[in-house]
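Open the model in your viewer and keep the selection tool at hand. Each stop says what to select and what is there.

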Amino acid sequence: MLDVILAILAATAQTGDPAAAVHAPGGAPVAQAPAAQSPAPPALIAEPQDATGRFTTALEVRPILAATRSNWIHVREFQGQDLLYVTHLWSWRCGLVQIRLSVNGGEPEVWPLPACHLDEGFPNMIKAEDGMPYREYPLGSVQAVTVELTYDDLGTETLNFGRNGQPRP
């Protein structure tokens with residue numbers, strides 16, 4: 001009920017006209033949110049949130065990622081390049097559906113996640129065939145990184161990091 005009230009208030013505040021609200025079948029006014037404000041692209045589908053003990057759902061990995069935010073990314077200088085690593089996020093990818101990263105305020109880019117190995121004992125393990133969990137950039141160029149996670153329940157979380165990999169306010 002609270003979400004309906006907040007939606008009505010938001011619609012009224014944006015338009016200034018309570019009549020602009022759309023009415024649900026029961027007659028209660030409900031504001032329509034523009035498609036651009038949806039929390040996840042429509043192609044993403046929420047997955048069931050049954051705790052399996054295998055750390056393959058948002059229910060299981062969200063608390064771990066919340067406790068380990070300073071490990072989400074790492075920038076390493078190697079052979080004249082900046083390497084931006086997302087190894088930690090890949091290690092908990094079975095509870096995610098998407099990772100988007102923005103470097104230095106650029107456009108967010110989807111970083112493909114390797115498939116989970118659900119038929120094996122450790123579904124989150126990173127195998128050689130999964131590829132490498134980093135990208136290369138010119139030396140010294142990575143100064144800020146924004147990480148946008150979409151969990152498999154379609155909840156989202158966005159954090160900003162400095163070059164040192166530490167979260168910024």
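**Ground rules**

This is a predicted model, with residues numbered from 1 along each chain as its sequence is written. Local features need pLDDT of at least 70, side-chain atom pairs count only at pLDDT 80 or more, totals for chains, interfaces and linings use all residues, and side-chain values use heavy atoms, without hydrogens or water.

**Stop 1: confidence**

Colour by pLDDT, the predictor's confidence in each residue, from 0 to 100. The protein chain averages 79. At least 70 is reached by 72% of the residues. Now select residues 1-38: pLDDT stays under 50 here. The model has 18 contacts (heavy atoms within 4.5 Å) beyond four places in sequence for this stretch. Where pLDDT is low, the predicted coordinates should not be read in detail.

**Stop 2: the disulfide**

Select C94 and C116. They form a disulfide (a pair of cysteine sulfur atoms within 2.5 Å), with the sulfur atoms 2.3 Å apart. The count by this rule is one. The S-S torsion of C94 and C116 is about -140°, so the disulfide is left-handed. C94 sits in the loop between α3 (87-91) and β5 (96-103), and C116 in the loop between β6 (109-111) and β7 (134-138), so the pair ties together parts 22 residues apart in sequence. Helices (H or I, at least four residues) and strands (E, at least two) are DSSP runs, numbered from the N terminus.

Are the two cysteines buried or exposed? C94 is buried at 4% relative accessibility, while C116 is partly exposed at 27%. Buried means under 20% relative accessible area, exposed over 50%, partly exposed in between (1.4 Å probe, protein chains only).

**Stop 3: the core**

Select L65, W72, I73, L84, L101, V147 and L149. These have the most contacts inside the largest nonpolar core, which has 24 residues. Such a core is a set of buried Ala, Val, Leu, Ile, Met, Phe, Trp, Tyr and Cys residues joined through side-chain atoms within 4.5 Å. Two or more residues come from each of α2 (58-67), α3, β5, β8 (144-151) and β9 (156-162).

Centre on L84. Beyond its neighbours within four places in sequence, its contacts include I73, L101, W111, Y137 and V145.

**Stop 4: helix α2**

Which residues of α2 are buried? Select A58, E60, V61 and L65. The buried residues of α2 pack against α3, β5 and β8.

**Stop 5: salt bridges**

The whole structure holds nine salt bridges, each a side-chain nitrogen of Lys or Arg within 4 Å of a carboxyl oxygen of Asp or Glu.

- Select R62 and D153: their closest N and O atoms are 2.9 Å apart. R62 is in helix α2 and D153 in the loop between β8 and β9, 91 residues apart.
- Select E157 and R69: the salt bridge is 2.5 Å, N to O. E157 is in strand β9 and R69 in the loop between α2 and β3 (74-78), 88 residues apart. E157 is buried at 14% relative accessibility, whereas R69 is partly exposed at 32%.
- Select E77 and R163: the closest N and O atoms are 2.8 Å apart. E77 is in strand β3 and R163 in the loop between β9 and β10 (167-168), 86 residues apart. E77 is exposed, at 52% relative accessibility.
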